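I opened my notebook for this chain and wrote down what I looked up, one topic at a time. Please keep the structure open beside these entries and follow along.

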Amino acid sequence: HTLTQPKHHTKSQRHTKMNTSSGPQKSVEGWILFVTNVHEEAAEDDILDAFSEFGHVKNIHVNLDRRTGFVKGYALVEFGAKEEAQDAINALHGKELLGKTVGVDWAFVKPLFGERDRGGGSGKEHHRERGRDRRGARR
């Protein structure tokens, strides 16, 4: 009569059991789209007109440059239903809005399992001792 070892899963076996799909992620209140290359003179109503064709737009945020008062070039558009937001992406991404070709995509996306932010950057490590400049001289 032999004893059997408890079954331990390897790390890779555990990963295959977890959700590995990526895709849009819902915010607290809805499905938010990030709209890029928005014309600097666009108004919220211009964006609302374009996006409301695909469903009820819950919220629009257009960031303005404080100095010029013009749109900074992007907007956030929130839908209540994922399907409506997806329809807007499919129809408006790469299309012209006020003479500029806009990009439309999900503002929040779930990463694939294991694709976490690892600090970003160029991959080069930059270490400096406290109190010294690049040449090593004290400051």
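**Entry 1: an exposed glutamate and its patch**

I note before anything else that the model is predicted. I began with E53, which has a relative accessible area of 64%. That value is over the 50% cut-off, so E53 goes down in my notes as exposed. I found E53 in the loop between α2 (44–51) and β3 (57–64).

Which residues gather with E53 in a patch of negative charge on the surface? I listed E44, D45 and D49 beside E53.

**Entry 2: the whole chain**

I then stepped back to the overall layout. I counted three helices and eight strands in the chain. Reading along the sequence, I wrote the pattern as α-β-β-α-β-β-α-β-β-β-β.

I also looked up burial and surface. The chain has 139 residues, and 22% of them count as buried.

**Entry 3: the salt bridge**

How many salt bridges does a search of the whole structure find? I got one. K58 forms this bridge with E78, and the closest N and O atoms are 4.0 Å apart. The pair links distant parts of the chain, since K58 sits in strand β3 and E78 in strand β4, 20 residues apart.

Is E78 buried or exposed? E78 has a relative accessibility of 7%, so I marked E78 as buried. For K58 I read 38%, so K58 is partly exposed.

I placed E78 within strand β4, which covers residues 71–79. I then looked up what E78 contacts, leaving aside its neighbours within four places in sequence. The list holds S27, E29, G30, W31 and I32, then H56, V57, K58 and N59. I was pleased to meet K58, the salt-bridge partner, again in that list.

S27 is in the loop between β1 (23–24) and β2 (31–36). Its relative accessibility is 19%. The cut-off for buried is under 20%, so S27 counts as buried.

What does S27 touch, not counting residues up to four places away in sequence? I wrote down I32, E78 and F108. I32 is also on the contact list of E78.

**Entry 4: I47 in helix α2**

Next I went to I47, which lies in helix α2. I read 1% relative accessibility there, so I47 counts as buried.

Not counting residues up to four places away in sequence, I47 touches V38, I60, V62, A75, V77 and L97. I checked the spacing to L97 as well: the C-alpha atoms of I47 and L97 are separated by 8.2 Å, while the two residues are 50 apart along the chain.

**Entry 5: V109 in strand β8**

I found V109 in strand β8, which covers residues 109–110. The relative accessible area of V109 is 48%, so I noted V109 as partly exposed.

Where do its contacts fall, not counting residues up to four places away in sequence? V109 touches G23, P24 and Q25. I also looked up the pair V109 and K26, which are 83 residues apart in sequence and 8.4 Å apart in space, C-alpha to C-alpha.

**Entry 6: two positive phi values**

Phi of N37 is near 65°, a positive value in a residue other than glycine. N37 is in the loop between β2 and α2, and its relative accessible area is 33%, so N37 is partly exposed.

L98 also has a positive phi, near 55°, and is likewise a residue other than glycine. I placed L98 in the loop between β5 (96–97) and β6 (100–101). With a relative accessible area of 43%, L98 goes down as partly exposed.

Technical notes:
Residues are numbered from 1 along each chain as its sequence is written. This is a predicted model: local features need pLDDT of at least 70, side-chain atom pairs count only at pLDDT 80 or more; totals for chains, interfaces and linings use all residues. Side-chain values use heavy atoms; hydrogens and water are left out. Helices (H or I, at least four residues) and strands (E, at least two) are DSSP runs, numbered from the N terminus. Contact means heavy atoms within 4.5 Å. Patches are made of residues with over 30% relative accessible area and no salt bridge: like charges are joined within 9 Å, nonpolar side chains (Val, Leu, Ile, Met, Phe, Trp, Tyr) within 5 Å. Accessible areas come from the Shrake-Rupley method with a 1.4 Å probe; for residues, only the protein chains shown count as cover. A salt bridge is a side-chain nitrogen of Lys or Arg within 4 Å of a carboxyl oxygen of Asp or Glu. Lys and Arg count as positive and Asp and Glu as negative; His and the chain ends are not counted. The place of a charge is taken as NZ of Lys, CZ of Arg, CG of Asp or CD of Glu. Buried means under 20% relative accessible area, exposed over 50%, partly exposed in between (1.4 Å probe, protein chains only).
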